[in-house]
Structure formats: C-alpha cells, structure tokens
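Subject: Structure handover

Hi,

Here is the structure I promised to pass on. My notes on its core and aromatic rings follow below.

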Amino acid sequence: MWAFESVFYQIYPLGFCGAPFENDGVLEHRILKVLDWIPHMKKLGTNAVYFSPVFESDTHGYNTRDYRKIDVRLGTNEDFKQVCDALHQNGIKVVLDGVFNHAGRGFGPFCDVLRNRENSPYVGWFHRIAFDGNSNYNDGLWYEGWEGNYDLVKLNLHNEDLIRYLFDSIRGWVEEFDIDGLRLDVAYSLDENFVRRLREFTGGLKPDFFLLGEMLHGDYNRLMNDAMLHSATNYECYKGLFSSFNSMNMFEINHSLMRQFGPENWTLYKGKHLLSFVDNHDVTRVASILTNEKHLPLIYALAFGMPGIPCVYYGSEWGEKASKNQGDPALRPCFEKPLWNELTELVSKLSEAKKHSHALNYGAFRSVLLTNRQCIFERRAENERVLVAINADENPFEARFDAGCAGAVDLITGQTHDFTSGTVLPGYSAYFWKCC
C-alpha cells in the first residue's frame with residue numbers, strides 16, 4: 001500500500017484559502033492557491049496530501065450541502081481537477097475528507113424534508129426524524145444532530161438510496177479528480193457494515209484506494225482490519241507525544257508504543273500503520289502546547305521514527321502557533337506563502353529518511369533504552385535496523401546500551417557513528433542510526 005511509505009501533508013482548504021466562514025455563494029477560484037504550494041510540499045518531502053472538506057457546505061465544510069460540487073468559496077470542479085492533476089504530476093497522492101456520518105441543514109434532501117415533511121421521499125435518508133417534535137431551529141420537527149449539534153444532521157447509513165448516492169459521489173470523485181483515498185470523518189460513529197461495503201466498493205474503483213478513519217479512543221481494530229479501514233488516526237500517541245515532553249516522562253509515550261506495537265503477542269496494532277501526527281485542524285498547534293520550544297524538533301523526530309504514517313499540518317512545519325481556546329478558525333488560518341526555517345529543514349530530512357527506509361516504514365518496534373528524559377528504540381525489518389534516539393534534556397547523556405552493531409549512519413545528517421567508542425547524546429538531540 002502506497003500510503004504506508006508516504007509522508008502526508010494536511011490542508012484545511014477553507015482556512016488555507018482565506019474563504020469566509022459563512023457560505024456567501026460568491027464564486028472565487030481560491031483553491032488554485034494550492035498550485036503555488038506544490039514546490040513547498042515537494043521540498044518538504046511530502047508525497048501525499050489530505051484535504052479537509054472541499055465540497056459545498058453551510059460553513060466549516062463538515063456540514064455538506066452538495067457532495068458533488070466543490071464549495072463555491074473555493075472554486076469550481078474544474079479548478080479542483082486542475083489542482084489534483086498538478087499534484088499527481090508532481091508525485092503527490094490526493095486524499096479527501098469523506099463526511100458520511102452527517103450532512104448540513106443546507107443538504108438538498110434535508111431541505112426537501114423540511115418543505116414536504118412526511119411526503120418527502122428523503123425522510124429515510126436521515127437517522128431519526130420525528131414530525132411530532134421540534135428542534136432548536138424551530139423546524140416543526142425533531143431530528144438527530146451529531147452529538148447534539150443540530151447543524152449536523154445525522155444520516156441513516158442503512159438506507160440503500162442514500163448509500164447509492166454517496167457511493168455514486170465517490171465514484172465521481174475518482175473519475176473526475178482521480179483521488180487516491182478518503183479520510184472518514186468521525187469514523188468511530190459510522191455504521192460498521194457501511195464501512196465494510198465502502199471498503200469493497202472503493203477497492204473496486206482502485207485496487208490501492210486508501211481508507212483512513214478518524215478514531216479517538218478504544219480499540220482501533222474495531223474498524224481498522226482487512227475488511228474495513230487500512231488505517232486510523234493515532235490519537236492515543238498524539239497525547240503521549242506532547243505530554244511526554246511537557247512532563248519530561250518518556251515512559252508515557254514508550255508505554256503507548258509498547259502497548260500498540262511492541263514485541264509481545266498481546267500488542268494491539270503490530271504490523272499495522274496508524275496515522276501519526278503532532279497536531280491537526282482540531283487541536284492546539286504543537287508549538288503552542290509544548291512548554292519548551294527546544295522540544296519542537298524532537299517531537300517531530302519521535303513522530304517520524306515511531307511506527308505509523310506521519311502527517312504534517314500546514315504551517316506547523318515552521319512552528320506556527322495557535323490555541324484551541326482561540327476557536328477553530330485560529331487553528332485554520334490563511335498564510336500568504338509558506339515559510340522555511342530550521343524546523344522546516346529538519347522535517348524535510350525526516351521525510352526523506354522515513355520514505356526511503358524499509359525499517360521506518362515497516363519495521364517492528366522494540367524499546368532499547370528508557371529514562372525519564374531519554375529514549376532509544378529499534379525499528380527492525382528484514383535486512384535493515386534503525387535505532388531512533390531522543391535526548392529531551394538540555395544536558396548531554398551518556399547512553400549505555402547494546403547497539404547490536406559496531407557502527408551506523410545517521411539518516412538525518414548522513415554522519416557516521418562508532419558505537420564501540422561510546423555514545424553521548426548531546427542536549428536536545430535526535431538521531432536515526434541505520435546500523436551498518
């Protein structure tokens with residue numbers, strides 16, 4: 001699967017392009033801005049882009065109005081096809097947000113229900129509608145909103161007409177834009193049989209079509225398996241990554257990694273490929289959540305070295321800041337142009353190391369050395385071993401461990417290291433040692 005050997009770049013298009021929050025109905029060809037960022041994405045080493053919602057919606061993209069039309073605030077279907085063609089020509093795969101759990105109040109079939117009530121042919125498209133109730137919009141009927149949000153009308157994924165509409169929409173995305181995969185919004189809320197059917201359907205469109213699910217808690221294997229999703233968002237390790245640095249307790253992230261990928265038979269996700277990230281469009285930017293800015297390069301090194309598919313959120317590669325308590329729009333800004341600094345340069349080197357290392361893409365995980373402020377772990381695959389070393393302390397650390405080899409090449413810097421002469425990790429340092 002191509003995704004397992006990729007580095008993803010996430011763009012939230014409505015924010016990235018500076019679109020107004022409310023859909024004003026005014027056509028602007030803003031999505032073409034992505035074309036100007038393709039050289040940056042390539043220099044950064046990313047070879048797959050995940051777009052948050054691009055289809056016509058009421059406001060933020062997740063309240064869809066039309067699954068077959070690019071949001072007028074972003075442009076036209078022809079504009080987006082131009083963007084996808086350019087990305088593909090530059091070796092970058094395209095993954096879209098699949099918002100199938102709910103639609104917006106402006107979704108045509110729901111508008112028909114509001115107009116025609118019991119006589120609407122679309123009543124069965126929605127999860128629960130009661131014509132003897134009311135909503136906080138005073139519609140004269142009650143319906144289920146996702147997690148109590150009535151601007152998100154929950155869909156009935158048991159309805160065959162709705163499923164046909166959604167699958168035909170996906171087929172259109174493949175035929176028109178040649179997309180390579182979907183990230184399923186709130187996958188944890190989706191009907192499991194729908195996900196199975198989706199996997200079979202999309203596999204028939206493209207043999208290597210990638211399905212990623214937004215998962216938060218619980219056992220990701222419920223949806224991530226050979227019959228359903230290929231991958232899931234690794235929120236467990238998201239928390240462990242920044243918390244381990246802020247509390248100076250590497251045991252926390254190591255515990256999660258051992259639980260998920262360790263050598264024991266009971267580990268949960270051995271051999272699987274979860275999406276690794278330090279931030280995204282829903283959470284505080286990592287540069288704002290870390291208490292020590294010198295840990296910023298190290299958290300990226302850890303995220304790229306651990307098992308999984310690394311994903312970089314636009315702007316965070318140069319250390320942009322924003323806090324969740326400022327509101328979602330603050331997390332999803334418009335930048336005039338990409339920036340390049342020492343952090344961006346490191347991320348680009350991590351990307352190249354990850355993409356070209358069989359051990360980092362597919363290798364097993366084993367903890368080698370662990371203290372509160374340092375960790376070394378091994379990624380081992382057939383014919384390749386990589387030791388990932390992190391020193392989160394300001395002081396040098398003498399690492400005493402059995403490397404299993406006399407020397408190594410650091411995949412980040414290209415420098416060689418002789419383990420027989422001892423190993424001292426400078427303060428705030430990270431290494432990807434490929435054993436010779």
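A residue is called buried under 20% relative accessible area, exposed over 50% and partly exposed in between, using a 1.4 Å probe and protein chains only. This is a predicted model, where local features need pLDDT of at least 70 and side-chain atom pairs count only at pLDDT 80 or more, while totals for chains, interfaces and linings use all residues. Numbering starts from 1 along each chain as its sequence is written, and side-chain values use heavy atoms, without hydrogens and water.

Next, the rings. The whole structure holds 36 aromatic pairs; rings of Phe, Tyr and Trp (its six-membered ring) pair if their centres lie within 6.5 Å, with planes under 30 degrees apart counted as stacked, over 60 as edge-to-face and the rest as tilted. Phe 51 and Phe 80 are edge-to-face, because their centres are 5.5 Å apart and their planes at 70°. Both of these residues are buried.

Tyr 67 and Phe 107 also form an edge-to-face pair, at 5.6 Å centre to centre and 80° between the planes. Tyr 67 has 1% relative accessibility, so it counts as buried, and Phe 107 is buried with a relative accessible area of 1%.

Best wishes
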